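Work through the exercises below with the sequence and the model open. Try each task before reading its solution.

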Amino acid sequence: MTIATEPKLELNWTHIISLAVVHIGALCALFPSNFNWAAVSLAIILHWVTGGLGITLGWHRLVSHRSFQTPKWVEYFLVFCGVLSGQGGVIHWVGLHRVHHQHSDQGALDPHDSRRGFWWSHIGWMFYHCPALDTIDRCTKDIADDPVYKFFQNYFLPIQIAFGLLLLLIGGLPFVVWAIFVRLALVYHCTWFVNSATHKFGYRTYETTDSSTNCWWVALVTYGEGWHNNHHAFQYSARHGLKWWEIDLTWMTIQLLQTLGLATKVKLVQK
């Protein structure tokens, strides 16, 4: 009898080097010459623009789950905000997230299976070539042929570099250190906490087939994404904070878009 073993994963040096560059760049904030309040303020604003409007509202709730609809120009704007988060191509991101929901905590089928440990689900899985990328074509047919999505998929890095050069011209090196490197590192880890911390810390309101939890402090830094057990129980709901005290800033943003007539067909949990 032979025992099946998982194939050895190949290191992804592109990811390893790029993540190292971002974190080394963020450490440059420790030099006093790179500090000023304008740069810090811009980093905070861009954390919300790229992590909140871009990743949480745009890439996740709007595109990955289609929990509401917007005019195309609004959708493309939110997707562009996500491009500035430096989290890779939008088509790959959406595809991997949809695969995660199909196979959450089911071994190699889940790109960042939390049962392999906190480190793996937080960042370790990105150090290797991801086998799940070979399966995402069937999950991204709604966006794969869209020319705007294809442009953002293929040119996210030049866009980020051009944005960095613009900030360099406007505010010098402090703007680049804080509004690019520090902000990218913070948005990275906030996003990654949804893969790691919300499968380990917190409470479970609903019995799901995975280990997802509701974690208040992750919800705080991700604009509502920390109510992850709620999300896995009702993945197409535009609202993740289902209790009155589960504050969900992204849901409040969707409500604002509704008021402005820019969000329609909003999907919610039917109680």
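The model is predicted, so local features need pLDDT of at least 70 and side-chain atom pairs count only at pLDDT 80 or more, while totals for chains, interfaces and linings use all residues. Residues are numbered from 1 along each chain as its sequence is written, and side-chain values use heavy atoms, with hydrogens and water left out.

**Exercise 1. Classify the ring pair of Phe35 and Trp178.**

Step 1. Take the rule: rings of Phe, Tyr and Trp (its six-membered ring) pair if their centres lie within 6.5 Å; planes under 30 degrees apart count as stacked, over 60 as edge-to-face and the rest as tilted. The rule gives 15 aromatic pairs.

Step 2. Apply the rule to this pair. The ring centres of Phe35 and Trp178 are 6.0 Å apart and the planes stand at 75°, so the pair is edge-to-face.

Step 3. Phe35 is in the loop between α1 (13-27) and α2 (37-64), and Trp178 is in helix α6 (residues 147-195), so the pair links distant parts of the chain, 143 residues apart, where helices (H or I, at least four residues) and strands (E, at least two) are DSSP runs, numbered from the N terminus.

Step 4. Check exposure (buried means under 20% relative accessible area, exposed over 50%, partly exposed in between, with a 1.4 Å probe and protein chains only). Phe35 has a relative accessible area of 38% and is partly exposed, whereas Trp178, with 16%, is buried.

**Exercise 2. Classify the ring pair of Trp119 and Phe127.**

Step 1. The centres of the Trp119 and Phe127 rings lie 5.9 Å apart, with the planes at 65°, so this pair is edge-to-face.

Step 2. The relative accessible area of Trp119 is 55%, which makes Trp119 exposed.

Step 3. Look for a cluster of rings. Phe80, Phe151, Phe152 and Tyr155 are linked into one by ring pairs.

**Exercise 3. Describe how helix α4 (residues 90-102) packs with α6.**

Step 1. Two packed helices are described by the angle between their axes and the distance between the axes. For α4 and α6 the angle is about 95° and the axes are 7 Å apart. Axes are lines fitted to C-alpha atoms, for helices over the stretch in contact, and angles run from 0 to 180 degrees between N-to-C directions.

Step 2. Name the arrangement (under 35 degrees is roughly parallel, over 145 roughly antiparallel, 65 to 115 roughly perpendicular and the rest oblique). Helix α4 is therefore roughly perpendicular to α6.

Step 3. List the contact residues (contact means heavy atoms within 4.5 Å). Helix α4 supplies Val90, Ile91 and His92, and α6 supplies Tyr149, Lys150, Phe152 and Gln153.

**Exercise 4. Are His122, Ser64 and Ala179 buried or exposed, and what does each touch?**

Step 1. His122 is in helix α5 (residues 118-122) and is buried at 7% relative accessible area. Apart from neighbours within four places in sequence, His122 contacts His189, Trp192, Phe193 and Ser196.

Step 2. Ser64 belongs to helix α2 and counts as buried, at 6% relative accessibility. Beyond residues up to four places away in sequence, Ser64 touches Trp59, Trp93, Val94, His97 and Arg98.

Step 3. Ala179 is part of helix α6 and is buried, with a relative accessible area of 0%. Not counting residues up to four places away in sequence, the residues that Ala179 touches include Ala39, Leu42 and Leu167.
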